[in-house]
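Welcome! Have a look at the model shown here, and then let us walk through some of its features together.

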2 protein chains.
Amino acid sequence: MNEKESSVKSDRAYFRICRVVTLMLCALLFTVVVAHAQSDPLPSWNDGPAKQAIIEFVKTMTDTMSPKYVPPEARIAVFDQDGTTWVEQPFPTQGVFALHQVGVLAKKDPKLAEVEPFKTVLSGNKAAISKLTVKDIEKILVATHTGMTVEAFQASVKEWISSAKDPRWNRPYTELIYQPMLEVMKYLRENGYKTYMVTGGGQDFVRAFAERVYGIPPEEIVGSAADTKFGYDKNGKATLTKMPKVLLVDDTVGKPTGIHMMIGRRPVAAFGNSTGDKQMLEYTQAGDGARLMVLVHHDDEKREYAYGPKVKVGTFTDELMAEAKKNGWIVISMKNDWKRIFAFEQ
Amino acid sequence: MNEKESSVKSDRAYFRICRVVTLMLCALLFTVVVAHAQSDPLPSWNDGPAKQAIIEFVKTMTDTMSPKYVPPEARIAVFDQDGTTWVEQPFPTQGVFALHQVGVLAKKDPKLAEVEPFKTVLSGNKAAISKLTVKDIEKILVATHTGMTVEAFQASVKEWISSAKDPRWNRPYTELIYQPMLEVMKYLRENGYKTYMVTGGGQDFVRAFAERVYGIPPEEIVGSAADTKFGYDKNGKATLTKMPKVLLVDDTVGKPTGIHMMIGRRPVAAFGNSTGDKQMLEYTQAGDGARLMVLVHHDDEKREYAYGPKVKVGTFTDELMAEAKKNGWIVISMKNDWKRIFAFEQ
């Protein structure tokens, strides 16, 4: 065999190997694609119009041939938290934290126990606590949420949330996350979405656990925000101290403002559960192309809570239901659409 | 050949193919890694301490064995804009835009030409314009930056910036971007960083071109921000209107506040050029592990501008230089460290 023949033979062998490699890679890719297409992205959902609408939306907006195609950079989804991704009854979790922190403060400064509204909070008298005024609540929020560095505040949230338990389920609050919503978040992220939380709750509160619990990093948490003051600690290191001055109330009309300020794009998909989310859903819907607006309706007293117009926190009013119908928003019935509500359920 | 022999033979063939595939993939990976390591990530930089420090920082903080390793989720870099990533002399570009917009408004409403400070602006008398008071400038900003939807404002910025030219270079302002800084942004992004712009300029102004010019999406622009008001247009569609109420002045102490509000993490790397960036660099440095603080020093009158304590806008004072030295911040000499300043230079 001369040099030329040897070279041709080696070229052919190389070609064969390349071909095998290519075929194997194609086969592998095909297997992955088929497996992906066949697996159910929303296993905790019952088959029904809500599940169908979400899957249909994702399929349409990722189809480059569809007029409703959404380019990757525009794939922004926003989720309210209280009542949309976790339990908000009988009290929003941040409220429970604030009342608990009054006790922590009173241990450090016993005089606090003699001053209202802290005295009432420390009494544990639920009837009296439920009668606290907006001014009282403001005082409690200022005492428990300001005056410390942002790191110290987040450390206090982490400490509390790692041990505090919801009395009804006797489980940490971070286990009272709606598993079907976690699946929607994951499904959207797998399809190129950034999944933002847009909550009336405090940014720094939610950021203390959102990455661990939802897989949402701090920079994708939009929430009510207080001002921070730049300064130096005793070692001369730059710090930010939480101040009693509101920068953004991220609820109702404040949600689109917060979205514009911190995201700067109109979302393509929005998930809420109350009148506090109405404007966010309207703002989402007013954009061009494919849009997905979803409301969680709490109609499952047995497995979670059922609440309507009479509950003051997180209301889903008759007017909101009428607007949802008129605008073609998807209304999730927790009772009918969710096979299971929490990850710990079998 | 019986069935068993045939099976063994086929297994061996399969093993050989797998081995070939593995070896080829390893070779390919090696080639990519070597090519990556050998190519210069900062070709517009002269070899020197600044370039060396930036490359050293990236190598150290991506090395999992180093105590200065930075996990991917914490890789946040922040860049000031005016004077750090583009030319800010003789006037910051947004100021040029605001003065231009007065003319646009006067065409629609000729009465404006009779009212101060608009009359002075429209006169084109530079000496008189330079004497406008803070109150006058406020009136100009309110007239040109508020009262329209965020989309209408951004459309006006896009229209202006696509045609306006800097008189010295006779080129669009978006060509007066510092090529060496674009290379740093790209280099950091290739190493897992999110590159945020943290500018004293208006968020909505910068967002109108940042994705095209810097590759930075709207959600990674932190800037001075005015409030927006939720409402409905004549078709009943949800809109946000820009309001004359400041939410954040993203300069000096406002930069760490803006970073905390919109990013929620302490950055690992920060780039600035003036006393307006001092607190942002201090805030960045006060975190744990690897840190990179960089200041651009404008010392190249021939190719760009040279400015020191006497220039009121974008000052690099003697005090700032002293702090940079004390804190070990990297000071870029535009004259010595940058091989070329703009992409259009050969």
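## A pair of helices in chain A

In chain A, helix H2 (residues 49-61) packs against helix H8 (residues 179-190) at an angle of about 10°, and their axes are 11 Å apart. H2(A) and H8(A) are therefore roughly parallel to each other. Here helices are DSSP runs of H or I with at least four residues, strands are E runs of at least two, and both are numbered from the N terminus. Axes are lines fitted to C-alpha atoms, for helices over the stretch in contact, and angles run from 0 to 180 degrees between N-to-C directions. Angles under 35 degrees count as roughly parallel, over 145 as roughly antiparallel, 65 to 115 as roughly perpendicular, and the rest as oblique.

Which residues of H2(A) and H8(A) make the contact? On H2(A) they are A:Ile54, A:Ile55, A:Phe57 and A:Val58, and on H8(A) they are A:Val184, A:Tyr187 and A:Leu188, where contact means heavy atoms within 4.5 Å. By class, the contact of H2(A) with H8(A) has seven nonpolar, no polar and no charged residues. In this scheme Ala, Val, Leu, Ile, Met, Phe, Trp, Tyr, Cys and Pro count as nonpolar, Asp, Glu, Lys and Arg as charged, and the others, Gly among them, as polar.

## About the model

This is a predicted model, in which local features need pLDDT of at least 70 and side-chain atom pairs count only at pLDDT 80 or more, while totals for chains, interfaces and linings use all residues. Residues are numbered from 1 along each chain as its sequence is written, chains are lettered from A and ligands numbered from 1 in the order in which they are written, and side-chain values use heavy atoms, with hydrogens and water left out.

## Helix packing in chain B

Chain B has its own H2 (residues 49-61) and H8 (residues 179-190), which pack at about 10° with axes 11 Å apart. That makes H2(B) roughly parallel to H8(B). B:Ile54, B:Ile55, B:Phe57 and B:Val58 of H2(B) meet B:Val184, B:Tyr187 and B:Leu188 of H8(B).

Helix H11 (residues 254-262) and helix H12 (residues 278-285) of chain B have axes that come within 7 Å and cross at roughly 55°. That makes H11(B) oblique to H12(B). The contact is made by B:Lys255, B:Pro256, B:Ile259 and B:His260 of H11(B), together with B:Gln279, B:Met280 and B:Tyr283 of H12(B). By class, this contact has four nonpolar, two polar and one charged residues.

## A sheet in chain B

Seven strands of chain B form an open sheet with mixed pairing, in the order E6-E5-E4-E1-E7-E8-E9; two strands pair if DSSP finds at least two bridges between them. Strands E6 (238-248) and E9 (330-333) stand at the edges, each with a single partner strand, so one side of each is left without a neighbour in the sheet. Within chain B, strands E7 (residues 269-272) and E8 (residues 292-297) pair in the parallel sense over four bridges. B:Ala270 stands opposite B:Met293 in E8(B).

## Where the chains meet

Chain B and chain A bury about 3800 Å² between them, 57% of it on carbon and sulfur atoms. Buried area is the accessible area (1.4 Å probe) that two parts lose on being put together, summed over both. The contact takes 43 residues from chain B and 45 residues from chain A.

How many salt bridges are found across the interface of chain B and chain A? The rule finds 10, a salt bridge being a side-chain nitrogen of Lys or Arg within 4 Å of a carboxyl oxygen of Asp or Glu.
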